[in-house]
Amino acid sequence: MTAPNSNADWLPPLLVKLDRLRSADPAFLATGARKHQYRHAPCIADDWLEWCEVQYGIRLPEQYRRYIREVGNGGAGPWYGLQRFGFLPSKEAAPQAFFTNTFREIKSEWVSGTGRSMIQYLPDGTETDGFEIEFYDALKLLADDHEALAKPFPFDNDHVPDEVLQLEVQSGHWPVSGAWLLAHYGCGIDDMLVLNGPHAGEVWKCDYANDTGAARVAASFADWYDTWLDWALDFCSESFNYRKVLSIYATNDPDDARVVAERFRTADLWCEVRASRSQTITIIVKQEMAGEAERILAESKTKS
């Protein structure tokens, strides 16, 4: 990704890569994709954007400002999607929908099969999948503290430990002063765009639930978005689902995994061994070979 201060235009190549991801992930398997389905909410109007900035006493970093003006204000983006920027006088002012007792079957590309979800409608009676009322989490939270964005960003170093982060956070309040909440990562983790001070324009990951604190993860909005695009494209090329393979065996014992993999390969079954961060070792095989792999596992278990 081109550096923020370069004369090159960073936005067109970013959008080309986003289009590639839309084509690569038709089943919305990348983290959070099922929520936004690579759609954007309408762009924010210039006069509304400027009015909101005045209310908050800020000016957004130029890359993010351009993105929500020219591409879309919320939706397609890292993790569980970009939050919408705007202004809510209260949480209750956010768009609402209502549910019926009618269910719809949802087909899934995952091995687990299908699921069900309740059908919901907008106040005018239009059926919706929820996109119109999503990505307002940041604005609902900010409605209780409109001055939070103009306050100084509290961190000087590129990383702060958990105990320091927790001192800055009060439950139910805005996550970190002087920063805009770009997206939820999940598991109590938010990505924040710094609005003021020496770190202005950077993106920080703030982890409130897993004892890792806060740290800079990107030098700019464009770098942050581009890093996610690369990750998601890599996921699509490597995903169990897109490669039509199944996880057939899991263990925490490397020797055990090696023995099982050798049995599969001796039987001319393609397999791959993967280790996760949790130290779990997974053996995957092609779907059409799953039956034979299960037979070999059962046979091995009987012999042992």
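User: Which exposed residues does the face of α3 turned away from its buried side carry?

Analyst: This is a predicted model. In it, that face of α3 carries Asp 47 and Val 54. Exposed is the word for a relative accessible area over 50%.

User: What are the buried residues of helix α3, and how do you know that they are on the same side?

Analyst: Helix α3 spans residues 46-56, and its buried residues are Leu 49, Cys 52, Glu 53 and Tyr 56. Around the axis they cover an arc of only 100°, which puts them on the same side of α3. These buried residues pack against α4 (62-70) and α5 (137-142).

User: What comes just after α3?

Analyst: Gly 57 does, and its phi is positive, about 70°.

User: Which residues of α4 are buried, and what covers them?

Analyst: The buried residues in α4 are Gln 63, Tyr 64, Arg 65, Tyr 67 and Ile 68. Their cover includes α3, along with α1 (11-24), β5 (179-186), β6 (189-194) and α7 (221-238).

User: Asn 73 is in a loop. Why does Asn 73 count as buried?

Analyst: The loop in question runs between α4 and β1 (98-106). Asn 73 has 8% relative accessibility, and buried means under 20%. Therefore Asn 73 counts as buried. Not counting residues up to four places away in sequence, Asn 73 touches Tyr 64 and Ile 68, among others including Ala 41, Pro 42, Gln 83 and Phe 85.

User: What makes Thr 282 buried?

Analyst: Thr 282 is found in strand β11, residues 281-286. The value for Thr 282 is 16% relative accessibility, and the cut-off is under 20%, so Thr 282 counts as buried. Leaving aside neighbours within four places in sequence, the contacts of Thr 282 are Ser 247, Tyr 249, Ala 250, Glu 272, Val 273 and Arg 274.

User: Why is Phe 28 called partly exposed, and why is Trp 79 called buried?

Analyst: Phe 28 has 22% relative accessibility, so Phe 28 counts as partly exposed. Trp 79 has 13%, and therefore Trp 79 counts as buried. Phe 28 is placed in the loop between α1 and α2 (33-36), whereas Trp 79 lies in the loop between α4 and β1.

User: What is the phi of Phe 28, and what is the phi of Trp 79?

Analyst: Most residues other than glycine have a negative phi. Phe 28 is not a glycine, yet its phi is positive, near 60°. Trp 79 is not a glycine either, and its phi is positive at about 55°.

User: How many helices and strands does the protein chain have, and what share of the residues is buried?

Analyst: The protein chain has nine helices and eleven strands. Of its 304 residues, 43% are buried. The accessible surface comes to about 16,000 Å², and 50% of that belongs to carbon and sulfur atoms.

Conventions. Residues are numbered from 1 along each chain as its sequence is written. This is a predicted model: local features need pLDDT of at least 70, side-chain atom pairs count only at pLDDT 80 or more; totals for chains, interfaces and linings use all residues. Side-chain values use heavy atoms; hydrogens and water are left out. Buried means under 20% relative accessible area, exposed over 50%, partly exposed in between (1.4 Å probe, protein chains only). Helices (H or I, at least four residues) and strands (E, at least two) are DSSP runs, numbered from the N terminus. The arc is that of the directions from the helix axis to the C-beta atoms. Contact means heavy atoms within 4.5 Å. Accessible areas come from the Shrake-Rupley method with a 1.4 Å probe; for residues, only the protein chains shown count as cover.
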